[in-house]
Amino acid sequence: MPEASTDPTARRLGPLAGLALPERHEVEGDVGITLEVPGPVSIVGVEARRGKSVTLSRRVKKAYGEMPKPNRGAGETVRLLHVAPDTLLCLAEDRAEGALHAELRELLGDAAAVVDQSHGRTLIRLGGPKARELLAFGTGIDLAPEVFGPGACAATMLGHVAVTLHLRSTAPTFDLIVARAFAESLWDWLKGRAGRFGYEVVG
Amino acid sequence: MSGYRLDGGGRIDRSRRLAFRFDGETYGGHPGDTLASALTANGVRLLGRSFKYHRPRGLLTDGPAEPNALVELRGGARREPNTRATTVELYEGLEARSQNAWPSRGFDIGAVNGLLSPLLPAGFYYKTFMWPAAFWERVYEPLIRRAAGLGRATHAADPDTYEKGTLHCDLLVVGAGPAGLIAALAAVRAGLRVILADDQPEAGGRLLARRAPLDEDEPLIWRDKVLAELRSAPNVRVMPRTTVFGWYDGNLFGALERVADHLLAPPTHLPRLIYWRIHARRALLCAGAEERPLVFGGNDRPGVMLASAGQSLALRYGVAPGRRVAVFATADSGYQVARDLQAAGVRLAAVIDPRRDGEAPAGIEAPVYRHTVVTSTRGGRGLAGAQLLDKAHGRSIALDCDALLMAGGWNPTVHLTCHRGTKPVWRDDLAAFVPGETGDAFRVAGAAAGHLSTPACFASALEAVAAIGTELGKPVPQVTAPACPEEASEVTPLWWIKESKGKAFVDFQNDVTVTDIPLAAAEGYRSVEMMKRYTTLGMATDQGKTSGVNGLAILAEVTGRPIPEVGTTTYRPGYVPVALGALAGPHVGPEFRPVRRSPLHRWMLRQGAAMIEAGAWMRPSHYARGEEDWFAAMCREVKTVRGRVGICDVSTLGKIDVQGPDAAEFLNRVYCNGWKTLPVGKARYGLMLREDGFVYDDGTTSRLGERHYLMTTTTANAAGVMAHLEFCLQALWPELDVQVASVTDQWGQIALAGPQARAVLAKLVDGLDVSNAAFPFLAAAETTVLGGIPARVFRISFSGELAYEIAVPADYSEELAEGLMRCGAAFGIAPYGGEALSTMRIEKGHPAGAELDGRTTAQDLGLGKLLSSKKDYIGRAMCRREAFEDPERPVLVGLKPVAGGKLRAGAHLLTAGDTPSVEADQGWIASSCYSPTLESYLALAFLKRGRARIGEELVVYDPLREGLYTGLVCDPVFVDPEHERLHA
């Protein structure tokens, strides 16, 4: 009988394992795009129960310092993206299996449905000076810095794949959150276009 | 001068020579040339044959309006017909062929059509190919298609890639001529986000082809200063080789960027074309104007071209349009062209001007004939001379010339402004249409607005940008336009030279002559739209850019109406032809849509799975071993599951997390069966109806906690059911406190089925008691497996065997599969695919996609007992309709062949002795399979009064495949009808 309850996080095998390998492809001696698959990432969906949106905001603010405005993200150790009315997507890196889910259920369990999506969503980090130009081949959203500034997030499509887009920093660095089953297709779409600008896959 | 290349000047790189081929002959040119300019430089003037009369044709224009010089560009899979040689940038190795010419462009048998032309008037096809009707498809249409010209498309697959994208800006400037450049400059200085799109490889517009100074210097010096400032600004995107071809609702523009069209083949990673959608808060059209041809006898002979085209040849490409060049001008701009040519070293033969008034402008070193017209031309495949009529003196003059430039006035490029329904407005002073009122979001400046002098172009552009800046809250600083000399720009229209001899063409591309228009009018086609369709004037690739205004002016004259009353035809997007590849974009072939991959995708491939598409998903059909084909593999897999134990990926099933205090009530409303009594830790089969009472979807839903359920759906309907649930919660019952979330991707799930399933599971779990007593059929538990991996275990079965489904967070899926294979090795465990799964569900009589096809009811499927009478649910009101209770309705039965043989889905059922007919039809086979368990074909069928006909022998009618044979009606559950294995 196998032993129970050791954290299995190290055994996680994401959809891009073995695909997102470090490489560098330059165009005219330069790379305009960086791609990274951070891991392991914890992602938890939170949707307020009926009439509990104020409770949700208050507890989130108390625990994490800020309740982000709609279509914005906030938070450092736990990043909270306000992706739909009364709905948050919460992200953290380097947590044990189920830890973020447990933390949020403890905090919000009576006020919100808390659903672990850590394995159901894949995070791809897209950066580099040409990141916006690349994304313009997919999304119809205006990503100009004065319109879509740091912290902004949006639900959009890239190459027919539904993606949650979050601008982490002005660098620019975008976090793309995609349904796991489409992660490889999105990866192929990104790399297919990154070749025009030169790219580096960061290990 | 070698050939027609001038010794100096032009925007070409004379230090580099490019070799290219036209109709198999090799020629040379320079970077900066177009195919048309390079051919002209080589003395090639005959570029193709016309569409109807197969007359020799040369180039008419210097740009996208070109009606004559259409070629097939490139060869093989990249062959592109109807490419305008005037827009093709020359590259090393270019290959092109002329069109409409057989056997060669020099000698064309079709030219006999010209001799037959009295028999080929406007509307010829409509008049001739009318009867007998049966001839149309078989005789007339193939005949017409072969005779009709234009190029041949390739049948090979397109080797290039295409892209689509979206851009946003405060101001889109269409055209980078003088007006567009100064507009972009002013807007950029004001801090607006600007896109400057221009169809040419370099900015400048007509500045590229004229000598008139700006700021008392060469015009391109000013242009370069502007471009340098634009390039250094962060808020402008300059897009050369980009044609804005359409204006759509919401101030959305369509633009085509030719990324690699000027190269032999696109470099790796680059698309050939990009189709851009440009969202512009404001747009400014600075697209300039197209020059008008003049309509006189023989005006289509190679060597007769627009004055602007001749000017471009000489000044932009350094090519003499001819060795003796005459200019026929009804507009002052013709004199400027004559002077520019003269300065470039081109010998002038004469300037011919029908106007009688005023002094001829000075500085022309050639005879200037006032009050004179050209009545005909002569020459074989190229112009040799023109016949003039001096109307002042009533004398005829024979003029030797090998090029004749027509300056018939200017048509502002109004097309984009018309794409949303605005009609252009006639201006008598310009003898042209100018854009109608298009509102603040889309303004027009420069020649496109009817400003024909350069100072007026600059002024109108600056005025427009100033207004835009004010509207957008970004005041535009003072921008000074460069000083430029005043230019005469008077036009006296002369729509057709009535003294003409020989064919005088109005529409060169469609071979419409000046006599076709009165004929159309005489036959009743007086409306300009009818005239277009009857004569074909204004159709095809150029869409009447050079012919339209001349044609309707002539129509106005012959019908005795003013031009504004005749109006124009409707200008629709696109302004230029847009390749179908660009419309399709990148999503073709394997990229047609993204692929959904199970978390076990790569594991299954390693096990030898043959994958097939199931919607967007890839699913395994079977796992072949050795030489097995799919059938042998399926049979082995079924026997493994029925005899020992097997595993199957079921991760693709839809999984929906349902939470909240009202979750049970919610399930009660969306399913037709009851949910209030389901205890925590149990699963139940659920059947979902549509509002119209038909079956929508099915699956098992488990209660994981007091207020927490996990719903599963079929793979095919997963997204639809999720949307349906969200609609129910948001629109139908917002009072229910329920939250739903798709967790399909979160869990990797494997079915473990077969008599040894429990033994395997016991080794896998971290201590869960899986005995039959502790974990009976339809039990559900949250636990861990393989030493700490969170898992959900359900005892449910699709195969009919003792079976479990084990779900783990998806990143552990491969570990789960490996663990199951390890734990089951001693029992002979093997993975099984969709073929085996489908066979087993038919053996077990489980309805699936072929039975839940949207036309069947719960009663049809034998699931009528699930319809609760104690509660309301979606579909309840409609599922008891009279027709649903009709005993004649076909219901689900099983079917076996009587004397061996196959059963095939799609076959119909007949009562023995009946003749096949729609009236005699008793039902149909929905699914069929070969059952390795029963060693027979089996089928699930829908049969009228089916349940009363168990044991009856029917005729199976399958005319496409097996013909007629006999089948025995039986219970749909073929294997283990007492369901003992499920509960074992």
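**Notes on a predicted two-chain model**

1. Strand 2 and strand 8 (residues 121-127) of chain A run antiparallel, joined by 3 bridges. One bridge links Glu36(A) to Arg125(A) in strand 8 of chain A. Strand 2 (residues 33-36) of chain A also pairs with strand 12 (residues 199-202) of chain A. That pairing is parallel, over 4 bridges. Here Ile33(A) has Tyr199(A) of strand 12 as its bridge partner. Please keep in mind that this is a predicted model.

2. **Chain A overall.** Chain A holds 4 helices and 12 strands. The C-alpha atoms of chain A fill a box of roughly 55 × 55 × 25 Å along the principal axes. Of its 203 residues, 50% count as buried.

3. **Contacts across the sequence.** Take the contacts in chain A with a separation of 6 or more. What share of them joins residues 24 or more positions apart? The figure is 67%.

4. **Two domains in chain A.** Domain 1 of chain A covers 20-39 + 120-202, and domain 2 covers 42-116. Note that domain 1 is written as two stretches of sequence. The centres of the two domains are 24 Å apart, taken over C-alpha atoms. Their contact takes 10 residues from domain 1 of chain A and 9 residues from domain 2 of chain A.

5. **The domain 1 side of that contact.** Which elements of chain A each supply at least two residues to the side of domain 1 that touches domain 2? They are strand 9 (153-158) and strand 10 (161-169) of chain A. Strand 9 of chain A gives the most, with 3 residues. By class, this side of domain 1 of chain A has 6 nonpolar, 3 polar and 1 charged residues.

6. **Where chain A meets chain B.** The contact between the chains takes 43 residues from chain A and 40 residues from chain B. On the chain A side, strand 3 (41-48), strand 7 (112-116) and helix 4 (183-194) give two or more residues. The largest share, 3 residues, comes from strand 7 of chain A. The classes on the chain A side are 15 nonpolar, 15 polar and 13 charged.

7. **The largest nonpolar core.** This core has 351 residues. Which residues have the most contacts inside it? They are Leu186(A), Ala183(B), Leu405(B) and Leu752(B). Leu186(A) touches Ile124(A), Leu158(A), Gly159(A), Val161(A), Val163(A), Leu176(A) and Val178(A), leaving aside residues up to four places away in sequence.

8. **Six domains in chain B.** Chain B is divided into domain 1 (15-156), domain 2 (162-289 + 412-471), domain 3 (293-408), domain 4 (596-652 + 745-846), domain 5 (655-742) and domain 6 (886-984). Domain 1 of chain B gives 16 residues to its contact with domain 3 of chain B, which gives 15 residues. On the domain 1 side, helix 1 (35-41) and strand 4 (56-57) of chain B give two or more residues. Helix 1 of chain B gives the most, with 3 residues. By class, that side of domain 1 of chain B has 5 nonpolar, 6 polar and 5 charged residues.

9. **A look at Val174(B).** This residue is found in strand 8 (residues 162-174) of chain B. Is Val174(B) buried or exposed? Val174(B) is buried, because 31 other C-beta atoms lie within 10 Å, and the cut-off for buried is 20 or more. Among the residues Val174(B) touches are Ala197(B), Val244(B), Cys286(B) and Leu416(B). Ala331(B) is 157 residues from Val174(B) in sequence and 26 Å from it in space, C-alpha to C-alpha.

10. **A covered helix in chain B.** Helix 22 (residues 834-843) of chain B is mostly covered, with 9 of its 10 residues buried. The buried ones include Glu835(B), Leu837(B), Met840(B) and Glu843(B). What do the buried residues of helix 22 of chain B pack against? Their partners are strand 30 (617-623), helix 17 (630-643), strand 31 (646-649), strand 44 (921-931) and strand 45 (936-944) of chain B. After helix 22 of chain B comes Gly845(B), with a positive phi near 75 degrees.

Conventions:
Residues numbered from 1 in each chain as written. Chains lettered and ligands numbered in written order. Predicted model: local features only at pLDDT ≥ 70, side-chain atom pairs only at ≥ 80, totals over all residues. Contact = placed C-beta atoms within 7 Å. Nonpolar A, V, L, I, M, F, W, Y, C, P; charged D, E, K, R; others polar. Core = buried A, V, L, I, M, F, W, Y, C linked by C-beta atoms within 7 Å. Buried ≥ 20, exposed ≤ 12 C-beta atoms within 10 Å, placed from the backbone. Domains from an automatic or database assignment. Pairing = 2+ DSSP bridges.
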